Amino acid sequence: MYSKYAPYALPAEVAELDLDAGHLVLEAEYGGSDIEQYVCGGHLSFDIEALRAPEPSEREVYSLSNVPTKILKTDSTTYRLVCQLPESVFVHESRGAVRIPFILGMQARVSVEVYLHELSIPGRLRNLSVGGCMVDIAIADSIAITVGQSVPGVTLEFPNGASFFAEACVRHMRPFGNHGYAAVGLQFINLTAPQTEALFHYVAETEREAAYRSGVNDKVSSHSPLFIPGAKEKKILQREEQERQKRARQTPMQRGVQEVAHQLQIGLMYMKTRHFFPEETLYDCVDSLLYLVGQDRKAFLYALAFLREEPDWVRHAVQVAGQLADMMLLRDPHSPHVREAVLGGLLHTMGKPMLVSQELLSLKTHMKPHQKEMLKGHVAALRDKLRAFDWSPSPVCRDVLESANERLDGSGYPAGKRGNQLSEITKLVSVLKALNKLMHERNGIPPRAPLDAYRWVDLPPRNRSTVDVRFPLRLP
């Protein structure tokens, strides 16, 4: 459940469904006293996400907005929300247009051109009207988009190969479902007469397809030609099916670690779009890591290695924070500093995606020297952002997030601190970060084998430049 007045999306479960009366009852756990912020003027907006058995990675998400709802409190933290479902799946927008949801397997692909001829983001169409559309993108790609931003082009490609192109403006952005996606609302702008005519045609055909699949119009007896897959679409669907089968083989521990990675990116989205610090979300990430390492340490460390498809800044943050939690708990299971140190480890790299702009289009590209220098300002960028939120980290958390890139010899950044200026926790984080960087490809530099990376870190700095890292180093 989501609302523009609420800082977080609130999870709920479907408790009852009465199709005859059109009633849907949701149950939610909420400890606050202001649950009314989710039911604005007696209306609720929410996403329903169903996972298809036997593959938990395959999902179907459907959005409902402005549904008349009554709130019933059953105990101190449990609420029942009785929703009156709309009579039609077609929603009338405030501007008079009809919004067609993509339901029952309907899909079309989207490419959002964020910067002209430079950066495009793929996605899937979730609804369409003559005024705009909602697009489902990977949450990792959301760092390049801000609310209010005009984008030079949005291309909609339907299964049969037909396409539509228009300029657009980003109206809203929020987490979508619970599996690493974001919903982006786009308004079409500067439409020409031919574009407007084409758009009305595509909306009409989409409405016909939705009517056929849902059975609301007996006169519609076949699929719209737009939604009959062509050869290109069939190949894409085959590749996606292979990816789904691969994800379905994940262990519960791997899914738990991946969920932390997704929540960390949702925290970044809240910082960018809602302009507040998502303290609860980030501490949930910390507590999840501590819980997972306590459940099965070996399985947890193994699962960390499977964050291969997450953005590098997320993978790096979760792996370093997870290893830090493991080592600190091994040294002292009752240490009062573990939670704050792990939070600092998760926060440390969040300044990097905040620097993404037209000067630094992506963190995935091989960077030029001035971009690498620019990226060194990520600690200052994060610190400035936290100050703007009026959120002050604890001393341990601040120490980790500000000093994790420092080095014993003073060659680190941003302050060039030396050994006696670094705490034991910071020294540990610095070593974990250095090893993690060496063992993963970055800026065109190939990854090193673990033993090679450990030997490199153990060498005195003056000897590192003379080591031929293409071959395993010999022990002294």
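1. A residue is called buried under 20% relative accessible area, exposed over 50% and partly exposed in between (1.4 Å probe, protein chains only). By that rule, 47% of the 476 residues in the protein chain are buried.

2. Please keep in mind that this is a predicted model: local features need pLDDT of at least 70, side-chain atom pairs count only at pLDDT 80 or more, and totals for chains, interfaces and linings use all residues. Residues are numbered from 1 along each chain as its sequence is written, and side-chain values use heavy atoms, leaving out hydrogens and water.

3. The protein chain contains 14 helices and 14 strands; these are DSSP runs (helices H or I, at least four residues; strands E, at least two), numbered from the N terminus. Its C-alpha atoms fill a box of roughly 80 × 55 × 40 Å along the principal axes.

4. Now the aromatic rings. Rings of Phe, Tyr and Trp (its six-membered ring) pair if their centres lie within 6.5 Å; planes under 30 degrees apart are stacked, over 60 edge-to-face and the rest tilted. The structure has eleven such pairs. Tyrosine 8 and phenylalanine 276 are edge-to-face, because their planes meet at 80°, with centres 5.6 Å apart. Tyrosine 8 precedes strand S1 (13–18) and phenylalanine 276 sits in the loop between helix H3 (252–273) and helix H4 (279–295), so the pair ties together parts 268 residues apart in sequence.

5. Phenylalanine 277 and tryptophan 391 are stacked, 4.1 Å centre to centre with 25° between the planes. Both phenylalanine 277 and tryptophan 391 are buried.

6. Phe102, Phe158, Phe164, Phe188, Tyr202 and Phe227 form one aromatic cluster.
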